[in-house]
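Please read the following report beside the sequence and the model. It begins with the metal sites and then turns to the chain as a whole.

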Amino acid sequence: MRIDLHTHSTASDGQYTPTELAEMAAAIPLACWALTDHDTVAGIKEASEAAGARGLAFVPGIEISTQDVVEIHILGYGIDAGHAGLVERCREWKSDRDHRGEWIRDYLASIGVAVDLAAVREIAGGGSLGRPHFAAYLQQIGLVSSRKEAFDRYLDTPEFKRHTDRRKPTPEEAIDLIHRADGLAVLAHPGNYRLPEQQLEALVARLRSAGLDGIECCYSRHSRGQTEAYLSLMRKYELRTGCGSDFHGERVKSDIGLGLEYDGAGSELIIDHIDRKTEGEEERNE
Ligand code: AMP
Ligand code: ZN
Ligand code: FE
Ligand code: FE
């Protein structure tokens, strides 16, 4: 079964519009698709309509950047994209990202790299401003030859982080917000954090107490060994698994394609739980 519960559109730093993503997902076809833009639900309405028109199973989602010992991403699934509290927080995050754009410009100027912020905003096309837009700009002006080089040399260094860090919620706040918006909260790509095993387990234990519902064990950049380690952590803490690629489009992340074969070895997927939750609610409402 091919699904994708982790994708980005032009509403954040992805290459394709929600409608284009729905078209691609339907053409594969994916058994289920979720849109999980960074800190925004701006693409959900379009995605939901485009998926509906193509008979594609769709789950409204979000990926919230939070700050802990390292930056931790929390995915929300089955959220009500019209929830007033969530919409308001997304508005703040978009504005924070916009301000961070100015800090990034100032920081790059301080190390001798002149950035035309209007040109970067044009690349973002009205979507939530992210580092990949700056990477695209640096490539466009010929300063770097690849997006990776832009991150390695400029956008993912300790100095960059020190000068451009924006306010971010804690993982606990993100989990609480997702729950208030009727969603389920999943720890994204545990392999990305490069935490020692014990530290990752301590994080999972702590977030479990805060209501975490799942771990994204199945992820495009996890090795088989990592997937299995995370699945056993997931079982130990009685969680469910996510399964996503983190597709942004080949121009943004050239090595990641849309869709992932679900290899969770019989484990319960987070969206199965959403289905049951919906059924339960319908029963109660009847
Ligand atoms: P932002 O949320 O604006 O800080 O940017 C996050 C985006 O940048 C995500 O899509 C990440 O995958 C991407 N990103 C972060 N670090 C790197 C890196 N070292 N190389 C390539 N992409 C990165
Ligand atoms: Zn991204
Ligand atoms: Fe992420
Ligand atoms: Fe992502």
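Predicted model: local features only at pLDDT ≥ 70, side-chain atom pairs only at ≥ 80, totals over all residues.

A residue is called buried when its relative accessible area is under 20%, exposed when it is over 50%, and partly exposed in between, with a 1.4 Å probe and protein chains only. Residues are numbered from 1 along each chain as its sequence is written, chains are lettered from A and ligands numbered from 1 in the order in which they are written, and side-chain values use heavy atoms, with hydrogens and water left out.

Two of the metal sites are set out below, where donors are N, O and S atoms within 2.8 Å of the metal (3.2 Å for Na, K and Ca); water is not among the atoms, so sites may look incomplete.

| Metal | Protein donors | Distance | Spacing |
|---|---|---|---|
| iron ion (ligand 3) | Glu 63 (OE), His 73 (ND1), His 189 (NE2) | 2.1 to 2.2 Å | E-x9-H-x115-H |
| zinc ion (ligand 2) | Asp 13 (OD), Asp 13 (OD), His 38 (NE2), His 248 (NE2) | 1.9 to 2.5 Å | D-x24-H-x209-H |

Glu 63 also forms a bridge between the iron ion (ligand 3) and the iron ion (ligand 4), which are 3.4 Å apart. Because Glu 63 belongs to strand β3 (residues 58-67) and His 73 to strand β4 (residues 71-77), the pair ties together parts that are 10 residues apart in sequence; helices (H or I, at least four residues) and strands (E, at least two) are DSSP runs, numbered from the N terminus.

The zinc ion (ligand 2) lies 4.8 Å from the iron ion (ligand 4). His 38 sits in the loop between β2 (32-35) and α2 (44-53) and His 248 in the loop between β7 (240-244) and β8 (260-261), so this pair ties together parts that are 210 residues apart in sequence. His 38 counts as buried at 10% relative accessibility, and His 248 counts as buried at 2%.

Another buried residue is Asp 96, with 9% relative accessibility, which is found in helix α3 (residues 84-110). Leaving aside residues up to four places away in sequence, Asp 96 touches Arg 166 and Arg 167, where contact means heavy atoms within 4.5 Å.

The protein chain as a whole has 11 helices and 8 strands, and 52% of its 286 residues count as buried. Its C-alpha trace spans about 60 × 45 × 35 Å along the principal axes.
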